[in-house]
Amino acid sequence: MERIPILRMGHFLLVTIQIDLYDRLATNLEADLVQMVNRTGARGVLIDISALNIVDSFMGRILGNIGSMSKIMDAETVVVGMQPAVAITLIELGLELKGVHTALNVEKGMELLKQKIGPAEASDEDDDEDGTE
Amino acid sequence: MMTKMVLNKDSMRIEREQDVVPFRNRVREFAVKIGMGIVNQTKLITAASELVRNMLKYAGGGAVLIEAISQGRETGIRLTFEDKGPGIGDIALAMKDGYSSGKSLGIGLPGTKRLVNEFDIKSKTGEGTTVSIVKWKNG
Ligand SMILES: Nc1ncnc2c1ncn2[C@@H]1O[C@H](COP(=O)(O)OP(=O)(O)OP(=O)(O)O)[C@@H](O)[C@H]1O
Ligand SMILES: [Mg+2]
């Protein structure tokens with residue numbers, strides 16, 4: 001079964017979506033990410049969708065699910081690189097990406113995540129649980 | 001009212017979830033060929049994706065006719081989704097933002113209507129549903 005690779009960087013998980021996802025691939029990604037947040041105690045999830053030409057209600061729901069489930073496990077989700085045409089279309093479609101933050105690019109997304117979880121924790125790899133915002 | 005002329009067409013059967021991405025790509029090819037800009041392309045393909053998902057989810061599949069059309073000076077893409085599913089009893093209700101019989105968001109139909117220039121839906125309970133949309137190149 002094909003899968004989207006998830007990279008671990010300290011307290012963060014990174015995913016780059018490089019192709020238009022088949023539904024199965026998208027639901028697998030959702031399950032894998034949630035599992036990995038749980039297993040690693042990651043505090044942030046960054047999803048790069050700059051290669052996605054369209055986000056329909058199905059994909060939007062997947063992103064929202066990742067965000068809200070990660071949140072339950074105390075991790076923030078940032079979606080980065082959304083193409084302008086996709087952003088315009090989502091607004092007209094009426095789909096809000098609830099539960100996820102958005103940023104222009106990976107760099108800005110990382111900054112945002114660090115801000116959200118607090119700088120002390122972002123730089124300290126061994127110290128998972130006791131930080132507060 | 002000016003008549004619409006068909007310049008080019010293709011039809012696709014949609015039976016499985018795996019048919020969605022190739023279908024979207026085919027629609028994109030048609031849109032690119034008439035020179036549709038990226039924003040309108042994205043709106044059209046997103047609308048197409050919503051309708052094809054409805055067809056799969058509620059009617060178990062169907063057929064889509066993809067047409068490049070012209071009307072006067074305008075060119076555009078017309079998509080016609082036809083299924084032999086259960087039909088929609090109350091179209092006005094189905095077109096409402098937030099209404100879903102499938103515990104979903106209920107934005108597919110009303111959202112699609114906002115994304116395109118022409119939207120037409122016909123349905124008969126027990127017989128099926130036909131949805132037709134048009135996106136003009138400069139619409
Ligand atoms: N092809 C179809 N055949 C039968 N019923 C349909 C069809 N398309 C839509 N419907 C009905 O219309 C309702 C509204 O459709 P719409 O796409 O707006 O919302 P949804 O599919 O339920 O949710 P979403 O698209 O947000 O995931 C559906 O819940 C379903 O009851
Ligand atoms: Mg729908």
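**Exercise 1.** State which element gives the largest share of the lining of the largest pocket in this predicted model.

*Solution.* Helix 2 of chain B gives the largest share, 8 residues. Next, take the space itself: the largest pocket holds about 690 Å³. Its lining has 36 residues, and those closest to the centre are N54(B), Y58(B), I88(B), S101(B) and L109(B). Then list the elements that each supply at least two lining residues: helix 2 of chain A, and from chain B helix 2 (38–59), strand 3 (74–83), helix 3 (91–94), helix 4 (108–115) and strand 5 (128–136). Finally, sort the lining by class: 17 residues are nonpolar, 12 polar and 7 charged.

**Exercise 2.** Describe the second largest pocket by its volume and by the residues that line it.

*Solution.* The volume is about 210 Å³. From chain A, the lining takes G60(A), R61(A), G64(A), N65(A), G94(A), L95(A), E96(A) and K98(A). From chain B come L105(B) and I107(B). By class, this lining has 3 nonpolar, 4 polar and 3 charged residues.

**Exercise 3.** Find how many cavities of 30 Å³ or more the structure holds, and describe the lining of the largest cavity.

*Solution.* There is 1 cavity of 30 Å³ or more. The volume of the largest cavity is about 80 Å³. By class, the lining of the largest cavity has 7 nonpolar, no polar and 5 charged residues.

Terms used:
Residues numbered from 1 in each chain as written. Chains lettered and ligands numbered in written order. Predicted model: local features only at pLDDT ≥ 70, side-chain atom pairs only at ≥ 80, totals over all residues. Heavy atoms only, no water. 1 Å grid on protein atoms, 1.4 Å probe; cavity = no way out; pocket = protein on both sides within 12 Å on 5 of 7 lines; lining within 4 Å. Points joined across faces, edges and corners; volume = space filled by probe spheres on them. Nonpolar A, V, L, I, M, F, W, Y, C, P; charged D, E, K, R; others polar. Helix = DSSP H or I, 4+ residues; strand = E, 2+ residues; numbered from the N terminus.
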